[in-house]
Amino acid sequence: GGFTEEQETLVKQSWESMKLNVPELSLRFFSTILEIAPAAKGMFSFLKDSDEIPHNNPKLKAHAIKVFKMTCEAAIQLREKGEVVISENTLKNLGSVHLKKGVIGPHFEVVKEALLRTIKEAMGEQYSEEMEKAWSEAYDQLAAAIKAEMKEEA
Ligand code: HEM
């Protein structure tokens, strides 16, 4: 067990590369979420009233960036401290926003699958099973922290 330095590097390097193309990355990420779970559309303010996924929507980009970046930060903390540490205010806000929007446990699996598929497409030949495993572990730990907070606030 334990999150290794190599895993941390895989996550950090791939995020550094992917974040150079946030507009495309965020569109791909949301298309995949809706492909897997079309009903999730209604939860997002920027999706619910349009037929297509809006291009260059700041809120859409913000959510995509948050999921990728916070997972990357989780990877760093897992390697440094052995656990994901989120400030109390941030965690409280994450818990209440997702509760209010009607997000439930299985949605986190949808977003995980979309995250991993997006990384695979974006990284192309640089993609590896080790890279997927590192992102997957970091995401699971981050999602667990948010879900625990949602349970507490419910
Ligand atoms: C909003 C992060 C998973 C749906 C947000 C916000 C953050 C965030 C930072 C903005 C909070 C604010 O307004 O202050 C994350 C992270 C996730 C995650 C890090 C996973 C690790 C999910 C999942 C869903 C979801 C699984 C549902 C499929 C939403 C919705 C909003 C939101 C609907 C409100 C966005 C809007 O309509 O403008 N999330 N989220 N999130 N999140 Fe997530």
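Buried residues have under 20% relative accessible area, exposed ones over 50%, and partly exposed ones lie in between (1.4 Å probe, protein chains only). Keep that scale in mind for this tour. The model is predicted, so local features need pLDDT of at least 70 and side-chain atom pairs count only at pLDDT 80 or more, while totals for chains, interfaces and linings use all residues. Numbering starts from 1 along each chain as its sequence is written, and side-chain values use heavy atoms, leaving out hydrogens and water.

**The whole chain**

Start with a cartoon view. The protein has 6 helices and 0 strands, where helices (H or I, at least four residues) and strands (E, at least two) are DSSP runs numbered from the N terminus. The C-alpha trace spans about 45 × 40 × 25 Å along its principal axes. Now colour by burial: buried residues account for 45% of the 154 residues.

Next, show contacts (heavy atoms within 4.5 Å). Of those between residues at least 6 apart in sequence, 75% join residues at least 24 apart.

Side chains of opposite charge can pair when their charged atoms come close. A salt bridge here is a side-chain nitrogen of Lys or Arg within 4 Å of a carboxyl oxygen of Asp or Glu, and the count comes to 11 salt bridges.

Select E8 and R79, whose closest N and O atoms are 2.5 Å apart in a salt bridge. E8 sits in helix 1 (residues 5–18) and R79 in helix 3 (residues 58–81), so this pair ties together parts that are 71 residues apart in sequence. Is E8 buried or exposed? Its relative accessibility is 4%, so E8 counts as buried. R79, at 31%, counts as partly exposed.

**Second stop: helix 2**

Move to helix 2 (residues 22–36), where R28 and E24 lie 4 residues apart, about one turn of the helix. They form a salt bridge, with the closest N and O atoms 2.7 Å apart. R28 has 26% relative accessibility and counts as partly exposed; E24, at 37%, also counts as partly exposed.

**Last stop: helix 5**

Finish in helix 5 (residues 105–123) by selecting E113 and R117, which are 4 residues apart, about one turn of the helix. Their side chains meet in a salt bridge at 3.1 Å, N to O. With 34% relative accessibility, E113 counts as partly exposed, and R117 counts as partly exposed at 33%.
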